[in-house]
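The structure comes first, then the notes.

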Amino acid sequence: HIHRQTYLALRLLLLTFVRTCELVEARWEEINFEKAMWVIPAERMKMNLPHIVPLSRQSLAIFRELKEMNGNREFIFPGYYNPRTHMCKNTMLVAIKRMGYNGKMTGHGFRSLALGILKEKLGYAHEIADRQLAHVPKSSVDRAYDRALFLPQRIKMMQEYADYIDSIG
């Protein structure tokens, strides 16, 4: 048995494959329901660049449920004991262990899982999937010149991925 908020957080990790800290520290102002976009500000990203996360219908439904639960809070996932701060990222790791996946899965593991599915099952190019993971090109020349976001492809990809997850679940 896990708290509903924790379940929804795990589900969003699966559907958005952001880093755990990016999810638990999310604020309502970052979510654009009309455009189906989540823009994570640069200061919360590992590479210190803003990151756009296209939201599938499934992700939007989860954010709407969370809005009903926590819409009056600053954080989408407020802390259980101190709702003025965000939920502890270890909460999800504890839930994963409780579900019997100790040593088999982590919050970061959802990112690896997504990359494999996107490339092997859905046929997406590595560059497109990699941008969704907020990875930057490895070479300094590519970083200087390659600023492609692949946003139209990523919007389509995120919905196809969510539909795929629903089809196997």
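## The second largest pocket

The lining of the second largest pocket divides into 10 nonpolar residues, one polar and two charged. Nonpolar covers Ala, Val, Leu, Ile, Met, Phe, Trp, Tyr, Cys and Pro; Asp, Glu, Lys and Arg are charged; the others, Gly among them, are polar. Of these 13 lining residues, Leu10, Arg11, Leu14, Met99 and Phe110 lie nearest the centre.

Helices H1 (4-16), H4 (90-101) and H8 (151-168) each supply at least two lining residues. H1 gives the most, with four. Helices (H or I, at least four residues) and strands (E, at least two) are DSSP runs, numbered from the N terminus.

## Basis of the model

This is a predicted model: local features need pLDDT of at least 70, side-chain atom pairs count only at pLDDT 80 or more, and totals for chains, interfaces and linings use all residues. Residues are numbered from 1 along each chain as its sequence is written, and side-chain values use heavy atoms, with hydrogens and water left out.

## Helix H5

The 13 residues of H5 (residues 109-121) should span 18 Å at 1.5 Å a residue, and the end C-alpha atoms are 17 Å apart, which agrees. The expected span is 1.5 Å times one less than the number of residues.

Buried residues (under 20% relative accessible area, 1.4 Å probe, protein chains only) in H5 are Gly109, Phe110, Arg111, Ala114, Leu115, Ile117 and Leu118. Their cover includes H1, H4, helix H6 (126-132) and H8; contact means heavy atoms within 4.5 Å. Gly123 follows H5, with a positive phi near 75 degrees.

Note on methods
On a 1 Å grid over the protein atoms alone, a cavity is a set of points where a 1.4 Å probe fits but cannot get out, and a pocket is an open set with protein on both sides within 12 Å along at least five of seven lines; lining residues have an atom within 4 Å of a point. Buried means under 20% relative accessible area, exposed over 50%, partly exposed in between (1.4 Å probe, protein chains only).
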